[in-house]
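Here are my notes after a pass through the model, as numbered points. Have a look at the structure first, then read on.

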Amino acid sequence: MTQITRQITKEIQNDCFKGKVILLLGARQIGKSTLIKMLSFSKEIETLWLDGENADVHLLLQNANSERLKQIAGNHKVIVIDEAQKINAIGSILKLFADYHKEIQVIASGSSSFELRNSLNEPLTGRKFEFNLYPLSFQEMVNHTNLLLEIRQLPQRLRYGYYPEIVTSQGNEERLLKFLSESYLYKDIFLFKGVKKPEKILELLKLLAWQIGSEVNYNELSKTLKIDNQTIESYVNMLEQAFVIYKLNAYNTNQRKELKKSKKIYFNDLGIRNSLINDFRPIEIRNDSGAIFENFVINEFRKQNEYQQVYANLYFWRTTDQKEIDLVIEKDGMLHAFEIKWNPNKKTVLTKSFSNIYSNYTFDIINSNNFFEFISADFLIKKLKTLITQ
């Protein structure tokens, strides 16, 4: 199978050689190195690859000044620093490149933003373009094959997810996902100094995997795992910054009945989620099919929101008397509400509790028969333009 072109390849390409460091973040095995290798430079431009997990690279960059970095670069006009979070003082190193060697394009990639961002935020202020890379998107696979084939593949994607290696290894998905979900994916978290009981993280992940689409209660998780709320929150934050899960907050405008501090937690990849609970049954016979489909649709909206540089805000909405909307997208004060239902025959209407409060909205129902109309690359842009001009 030929390599799958990622949507943000062109955006990264366009930002090269503008005097800034390119920072590419994403989970392990998500395709960062493959994407970088697919960037197109002229034949005269040579690339130097430095792997942050190699000890000799650490020694090479130790206490490096601008002159030393120039010597390391030599004739190379592109330098790739992979797993950059492993390198001491990486923020200062990248700052030196950005300040003194603007003719060199540095691309730094990392799989744990809780380590990398901590060392980069201050040194690289105004000196970087930052990109997040997620599992393959529905649109990327449509571009790679065709729309009809990818629609037919939906049940497969809901079982095994969108990791590049999984998509290209048909027949071996469960074994590969087990390897990813049991060790490799959490390597950075288990090594992080703040983690005292790594086994609790796996237990927490399994509990979260059972609760996708539901509000998460840290108090309940704390009692079940026998660790305090603060530790639960720190573990959730680390898992989010390691691109395993993400939080969806409740939308509210301080109305009396609206939930304010509640949150849901979803998985960036459904294959990882299903592997954690060891359940790869077909979507048609599962009792969690609705939650899985909801997770899938919200994942695709998040990818397009970032890849298309829309930068809208994504929420869910619920009241204290259990009136709910699965997804609310807000941009410039305008709202778009979505109900997400796996079963296309399930009758759904917008709750009056929402329409009585808000007037600046549109509403759509997404199901397994029409989902592809909403998660395409240009839907968000077209929809938000419509909202703004209404």
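1. One definition before anything else: a polar contact here is a pair of N or O atoms within 3.5 Å, and within protein one of them must be able to donate a hydrogen and the other to accept it. With that in mind, go to the start of H14, where a side-chain oxygen of Asn 217 comes to within 2.8 Å of the backbone nitrogen of Asn 219. Do keep in mind throughout that this is a predicted model.

2. Staying with H14 (residues 218-225), which residues are buried? They are Tyr 218, Leu 221, Ser 222 and Leu 225. Viewed down the helix axis, these buried residues fall within an arc of 100°, so they line one face of H14. The spacing makes sense: an α-helix has 3.6 residues a turn, so residues three or four places apart point the same way. On the face turned away from the buried side you'll find the exposed residues Glu 220, Lys 223 and Thr 224.

3. What covers the buried residues of H14? The cover includes helix H13 (198-210), H15, strand E6 (245-249) and strand E7 (263-267). After H14 comes Lys 226, and its phi is positive, near 60°.

4. H15 (residues 229-241) is worth a quick length check. The buried residues of H15 are Ile 232, Tyr 235, Val 236, Met 238 and Leu 239. Seen down the axis, they fall within an arc of 160°, so they line one face of this helix too.

5. Now the two ends of H15. At its start, a side-chain oxygen of Asp 228 reaches to within 3.1 Å of the backbone nitrogen of Gln 230. H15 is followed by Phe 243, which has a positive phi, near 65°.

6. On to the aromatics: a search of the whole structure turns up 21 aromatic pairs. Take Phe 354 and Tyr 358: their ring centres are 5.0 Å apart and their planes are at 45°, so the pair counts as tilted. Both of these residues, Phe 354 and Tyr 358, are buried. Elsewhere, one aromatic cluster is formed by Phe 138, Tyr 162, Phe 293, Phe 296, Trp 342, Phe 371 and Phe 372.

7. The charged end of Lys 20 sits over the ring of Phe 129, 5.8 Å from the ring centre. Lys 264 has its charged end over the ring of Phe 316, 4.8 Å from the centre.

8. Is Thr 319 buried or exposed? Its relative accessible area is 3%, so Thr 319 is buried, although its place is in the loop between strand E8 (313-318) and strand E9 (324-331). The Thr 319 side chain makes a polar contact with the side chain of Asp 321, at 2.3 Å. Thr 319 also lies 8.2 Å from Ser 353, C-alpha to C-alpha, with the two 34 residues apart in sequence.

9. Last one: Thr 9, which is found in helix H1 (residues 9-15). Its relative accessibility is 11%, so Thr 9 counts as buried. Leaving out residues up to four places away in sequence, Thr 9 touches Leu 35 and Leu 39.

Methods:
Residues are numbered from 1 along each chain as its sequence is written. This is a predicted model: local features need pLDDT of at least 70, side-chain atom pairs count only at pLDDT 80 or more; totals for chains, interfaces and linings use all residues. Side-chain values use heavy atoms; hydrogens and water are left out. Rings of Phe, Tyr and Trp (its six-membered ring) pair if their centres lie within 6.5 Å; planes under 30 degrees apart count as stacked, over 60 as edge-to-face and the rest as tilted. Buried means under 20% relative accessible area, exposed over 50%, partly exposed in between (1.4 Å probe, protein chains only). A charge sits over a ring if NZ of Lys or CZ of Arg is within 6 Å of the ring centre and within 35 degrees of the ring normal. Helices (H or I, at least four residues) and strands (E, at least two) are DSSP runs, numbered from the N terminus. The arc is that of the directions from the helix axis to the C-beta atoms. Contact means heavy atoms within 4.5 Å.
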